Amino acid sequence: MELKKVKELVEYFEDRIIKNFETHFSYLVLEDFYSGGYDDRIEDEFYYDEYYSKYESDITNLLLEIEDDMSSEFMNLKLRLIKLKRIIDTRLSKIESNINPPLRSKKRNVQFILSSKIDKQEFIKTLHNQLIEYKLIDTDFNNFEKHFDKDWEDKIQWKGTELQIANLITKLIDNTFLDIETQNFKNKLITAHFINKKGNNYKEKQLSSVLAEKKDYIPDDDVTIKIIQELSTNL
């Protein structure tokens, strides 16, 4: 990569991580505030993972790409990049070492809000049975049920694809099993309650993108469609 391009990228990352961090970070928090988080305390740590995930891998990849260039100009850029990596890792490590994570992560805008028109227990039981039958989760019922209250702890591992979980939550809203208000934070709901089949956290923007780009390719006999049909038949 040419020196000019690398320099532009470094300046871009520095703008987001150091120079104008407060402005860019506040845009993210403001978006959450207006999408249902206005009743909650705002704790910066809750947003770090989402914010820094936009830049972390790109900074690492850029460092690796310019590894072999030892000129003074590139060395200076490497030092600036590693400083940004240190800032990100330091802030994220504080989240991981925090024994008591921010209460913000279990407040209302990351809860499943069920429609008042359905039988809550029957819905949870039927949904759990279907997800187990189609091997999309392997969580026992007691742990699964906790995710519809406020005492859940461990995230549920989703065995299906990213597209399937995004589609399922969307269909649960469209078919009024989940309250329409959930539409405002459906991707945040997924990131709060689920990890992917590799054990990694989901990212909101990826969930939004995958559904927008690939929803037309979901087959009519996909298991998520069958689950919605089963719920509609029994509830």
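Mentor: A cavity is a set of grid points where a 1.4 Å probe fits but cannot get out. Keep that in mind for this predicted model.

Trainee: What volume does the largest cavity have?

Mentor: Start with the count. The structure holds one cavity of 30 Å³ or more. The volume of the largest cavity is about 80 Å³.

Trainee: Which residues are closest to the centre of the largest cavity?

Mentor: The lining of this cavity has 13 residues. Of these, twelve are nonpolar, one is polar and none is charged. Closest to the centre are Phe 112, Leu 127, Leu 131, Ile 169 and Phe 194.

Trainee: Which helix gives the largest share of the lining of the largest cavity?

Mentor: Two helices each supply at least two lining residues: H6 and H8, the latter spanning 162–174. The largest share is four residues. Those four come from H8.

Trainee: How many helices and strands does the protein have?

Mentor: Follow the elements from the N terminus: α-α-α-α-α-α-α-β-α-α-β-α-α. The tally is eleven helices and two strands.

Trainee: What percentage of contacts in the protein between residues at least 6 apart in sequence join residues at least 24 apart?

Mentor: The protein has 235 residues, and 42% of them are buried. Now take the contacts between residues at least 6 apart in sequence. The share joining residues at least 24 apart is 71%.

How values were computed. Residues numbered from 1 in each chain as written. Predicted model: local features only at pLDDT ≥ 70, side-chain atom pairs only at ≥ 80, totals over all residues. Heavy atoms only, no water. 1 Å grid on protein atoms, 1.4 Å probe; cavity = no way out; pocket = protein on both sides within 12 Å on 5 of 7 lines; lining within 4 Å. Points joined across faces, edges and corners; volume = space filled by probe spheres on them. Nonpolar A, V, L, I, M, F, W, Y, C, P; charged D, E, K, R; others polar. Buried < 20%, exposed > 50% of the residue type's maximum accessible area, 1.4 Å probe, protein only. Contact = heavy atoms within 4.5 Å.
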